[in-house]
Amino acid sequence: MTWTLTRVLKDRDAGLYLAAVVVSGFGSSALGLVAGIWTKDLTGSNALAALCLFALWAPTLAGPLLGTLADRVRRRPLLIGTNLGLAALVLALLAVDSPAGVGLLLAVLLVYGAVGVVQDAAESALLTSVVGPTLLGDYNGLRMTANEGMKLLAPLTGAGLYAAYGGPWVALPAAVTFAVAAALLTLLRMREPVPVPPEGVWRERAAEGARHMWARPMLRLLVLCAGATMLCAGVNGALIYAVVDRLGRSPAYTGVLYVAQGAGSVTVGLVTGPLLRRLGECRFAAYGIALTACAVALRAGPHDAVALVCSAAVGAGLPCVLIAALTAVQRGTPGHLLGRTAATATTLMYAPNAVGLAVGAALVAHVDVRVLLVAVGVVCLLPVPWLVARHRRQGVSGGLGGSGGPGGPGD
């Protein structure tokens with residue numbers, strides 16, 4: 001593990017790329033957390049606070065269409081431009097100072113989420129030009145570790161700034177982080193090939209990524225299982241303010257729970273590469289889903305310690321299926337299709353999170369949160385037998401050979 005991390009980090013472009021992703025992730029984490037707390041304080045509504053998360057995730061529904069942009073232009077200039085655009089966009093939140101401004105807040109989050117979909121597709125596609133295919137699993141895990149490590153600081157920083165000065169003082173540092181990320185991307189020395197102009201109408205081009213992914217059984221299974229897990233994660237996320245209420249804490253306590261979740265993600269990210277090689281994607285994903293399901297159900301406990309441990313367990317379990325699916329997509333997709341395929345996979349994995357947030361926001365006002373958490377935990381376990389059965393049928397003894405890419409056992 002030490003060797004692979006050293007090999008990734010000593011590459012100049014890989015290190016700069018990782019730094020850019022982490023810096024922008026810091027701003028995103030702080031802003032995403034504070035938006036819910038801000039709305040909760042302005043309106044007193046758990047449902048409206050949950051809708052802030054929904055606004056961030058809803059644009060993933062248009063992922064296949066938005067992802068075509070990442071295949072039409074060079075990815076690095078696209079990422080630089082979108083980061084600068086986000087820096088300007090979030091400054092609009094400086095005008096939010098009353099319940100009447102919640103509409104503007106939600107609108108900014110919605111646009112921010114749409115730009116984020118394009119960025120995710122471009123980042124996944126650009127990554128294959130920065131990192132070799134044999135290190136994708138390690139790099140994705142390391143990126144998760146670094147990104148989540150920032151999230152250990154971002155929630156506390158954001159919540160602290162919000163408590164001391166209010167929401168606008170979180171928007172300003174977020175804008176700075178996006179500008180810094182753009183500056184770091186300009187320092188990359190990598191050579192990015194000029195994209196080949198795609199043929200056909202826009203809808204046909206967008207569908208090519210879906211056809212490529214759907215024709216590969218392993219990719220299809222991993223992405224669908226990730227989507228089912230994220231559906232449950234969305235419901236669970238919408239319940240966080242109700243959980244905090246039940247603990248008798250203020251809304252700002254959500255920052256502490258997010259820190260615990262980030263610590264879990266940091267831990268699993270450090271061992272993702274070796275575990276993927278040892279277990280294979282299906283078993284690695286199955287273990288992560290099982291851990292997530294148990295943690296969500298046990299979160300119904302009334303004690304702070306239980307809530308913290310369960311948050312850490314969710315942070316450790318949830319990324320497993322996401323990293324396994326993303327790595328398989330990156331390794332099994334040709335470069336000219338990678339933006340669209342990654343965006344389609346992202347939509348199928350993350351759009352259910354938006355649905356889950358909406359469902360959770362609707363249910364939390366009418367159903368006991370303890371009942372909801374146990375039910376979500378049980379449903380979350382359902383994909384596990386499918387993944388285990390697939391692993392056994394393949395006879396995978398470890399490694400990334402089961403990625404479902406061209407020529408792999410998943411075909």
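At what angle do the axes of helix H16 (residues 304-331) and helix H17 (residues 335-363) cross, and within what distance do they come? In this predicted model, local features need pLDDT of at least 70 and side-chain atom pairs count only at pLDDT 80 or more, whereas totals for chains, interfaces and linings use all residues. Residues are numbered from 1 along each chain as its sequence is written, and side-chain values use heavy atoms, with hydrogens and water left out.

The axes of H16 and H17 come within 10 Å and cross at roughly 160 degrees. Axes are lines fitted to C-alpha atoms, for helices over the stretch in contact, and angles run from 0 to 180 degrees between N-to-C directions; helices are DSSP runs (H or I, at least four residues) numbered from the N terminus. H16 and H17 are therefore roughly antiparallel to each other (angles over 145 degrees). The crossing of H16 past H17 is right-handed, the near helix being turned clockwise from the far one by less than a right angle. Leu-322, Ala-325, Val-329 and Gln-330 of H16 make the contact with Leu-338, Thr-341, Ala-342, Ala-345, Met-349 and Tyr-350 of H17 (heavy atoms within 4.5 Å). This contact comprises eight nonpolar, two polar and no charged residues; Ala, Val, Leu, Ile, Met, Phe, Trp, Tyr, Cys and Pro count as nonpolar, Asp, Glu, Lys and Arg as charged, and the others, Gly among them, as polar.

Helix H11 (residues 217-238) and helix H18 (residues 369-380) have axes that come within 9 Å and cross at roughly 170 degrees, which makes H11 roughly antiparallel to H18. Thr-229, Cys-232, Val-235 and Asn-236 in H11 meet Leu-373, Val-376, Val-379 and Cys-380 in H18.

H2 packs against helix H9 (residues 168-186) at an angle of about 165 degrees, with the axes 8 Å apart. H2 is thus roughly antiparallel to H9. The contact of H2 with H9 has 18 nonpolar, four polar and no charged residues.

Three salt bridges are found in a search of the whole structure (a side-chain nitrogen of Lys or Arg within 4 Å of a carboxyl oxygen of Asp or Glu). Lys-40 forms one with Asp-245, the closest N and O atoms being 3.8 Å apart. Because Lys-40 lies in helix H2 (residues 12-43) and Asp-245 in helix H12 (residues 240-246), the pair ties together parts that are 205 residues apart in sequence.

The mean pLDDT of the protein is 81, and 88% of its residues reach 70 or more; pLDDT is the predictor's confidence in each residue, from 0 to 100. Over residues 396-411 the pLDDT is below 50, and this stretch has 46 contacts in the model beyond near neighbours in sequence.

Terms used:
Helices (H or I, at least four residues) and strands (E, at least two) are DSSP runs, numbered from the N terminus. Angles under 35 degrees count as roughly parallel, over 145 as roughly antiparallel, 65 to 115 as roughly perpendicular and the rest as oblique.
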